[in-house]
Amino acid sequence: MLTFIAPLLLLVNGLAAGVLFGTQLGGFPYLASLPADRYVNAHAFFGTRYDPAMPICLLGTIACDVVLAVGAPVAGAQTLFAVAALLAAVTAGISVTKNVPVNRWMRTLDPDNLPSDFAERDPRQAWGAWNRLRSWLTIAALVVNCTALGFLL
C-alpha cells in the first residue's frame, strides 16, 4: 500500500502546490495588472483549465493523506499525514466557499459588456488574498507530507 500511495500523494500534492505557487509568481500578478475587460477574459480562460484539475489534486491529497494517517507504520508519520490532510482540507474548503464562486461568476460575464458596478464588485483583491492563503496551505501540506515520508525512509 505504502509503495503506491506515497508516490501518488507526492504527485497530486506536488501538482496542487506547484499550480498554486505558480499563480503567486505570475498568474495573479498578471491578472491584477489587467484592465477589467481583459481581466474577465483571462480569468475565465485560466479557470476553465485549472478548475477540472485542482479538485482532483486536492481531493487526491486528502484521500492519500487519510489512508497514510491510518496505515503508516510509524506514529510520527501518522500524525504528520493527518496534519497534511487537514491543511489540504482547509485549502479545499476555501476553494469551494471563496474561489470557486468567483470563478463561476467570472465565466458568466461578457468582457465587452461588463456590469456597470463591476469596479465595486471587482473580485481581484479578495480572490487574490484567498488564493494566497490556499497557496501557502497547500505548500505547507507538501512540506509536512515530505517530512512524514522522511519518517518512513
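This is a predicted model: local features need pLDDT of at least 70, side-chain atom pairs count only at pLDDT 80 or more; totals for chains, interfaces and linings use all residues.
Student: Which residues does R107 touch, leaving aside its neighbours within four places in sequence?

Tutor: A contact here means heavy atoms within 4.5 Å. By that reading, R107 is in contact with A44, G47, T48 and D51. Take G47 as one of them: R107 and G47 are 60 residues apart in sequence, and their C-alpha atoms are 8.2 Å apart in space.

Student: How do helix 2 and helix 3 run relative to each other?

Tutor: Here you look at the angle between N-to-C directions, and over 145 degrees counts as roughly antiparallel. Helix 2 covers residues 36-71 and helix 3 covers residues 75-108; their axes come within 9 Å and cross at roughly 160°. Helix 2 and helix 3 are therefore roughly antiparallel to each other. As for the hand, helix 2 passes helix 3 in a left-handed crossing. The contact of helix 2 with helix 3 contains 18 nonpolar, eight polar and three charged residues.

Student: And at what angle do helix 1 and helix 2 cross?

Tutor: You can read that pair the way you read the last one. The axes of helix 1 (residues 2-33) and helix 2 cross at roughly 155° and come within 8 Å. That angle makes helix 1 roughly antiparallel to helix 2. Helix 1 passes helix 2 in a left-handed crossing. Sorted by class, the residues in the contact of helix 1 with helix 2 are 22 nonpolar, four polar and two charged.

Student: Now for a residue in another helix. Is N131 buried or exposed?

Tutor: Apply the cut-off from before: under 20% is buried. N131 has 0% relative accessibility, so it counts as buried. N131 sits in helix 5, which spans residues 124-152. Not counting residues up to four places away in sequence, N131 touches L20, T23, Q24 and N99.

Student: What does L87 touch, again not counting residues up to four places away in sequence?

Tutor: L87 lies in helix 3, and its contacts are L137, A140, A141 and V144.

Student: Let me step back to the whole chain. How many helices and strands does it have?

Tutor: The protein chain has five helices and zero strands. Read from the N terminus on, the order of elements is α-α-α-α-α. Along the principal axes, the C-alpha atoms fill a box of roughly 60 × 20 × 20 Å.

Student: What share of the residues counts as buried, and what supplies the exposed area?

Tutor: The protein chain has 153 residues, and 41% of them count as buried.

Student: One last thing: how much of the contact list comes from residues 24 or more positions apart?

Tutor: Start from the contacts with a separation of 6 or more; residues 24 or more positions apart account for 81% of those in the protein chain. The contacts of R107 with A44, G47, T48 and D51 are a handy set to look at in the viewer.

How values were computed:
Residues are numbered from 1 along each chain as its sequence is written. Side-chain values use heavy atoms; hydrogens and water are left out. Helices (H or I, at least four residues) and strands (E, at least two) are DSSP runs, numbered from the N terminus. Buried means under 20% relative accessible area, exposed over 50%, partly exposed in between (1.4 Å probe, protein chains only). Axes are lines fitted to C-alpha atoms, for helices over the stretch in contact, and angles run from 0 to 180 degrees between N-to-C directions. Angles under 35 degrees count as roughly parallel, over 145 as roughly antiparallel, 65 to 115 as roughly perpendicular and the rest as oblique. A crossing is left-handed if the near helix is turned anticlockwise from the far one by less than a right angle, and right-handed if clockwise. Ala, Val, Leu, Ile, Met, Phe, Trp, Tyr, Cys and Pro count as nonpolar, Asp, Glu, Lys and Arg as charged, and the others, Gly among them, as polar.
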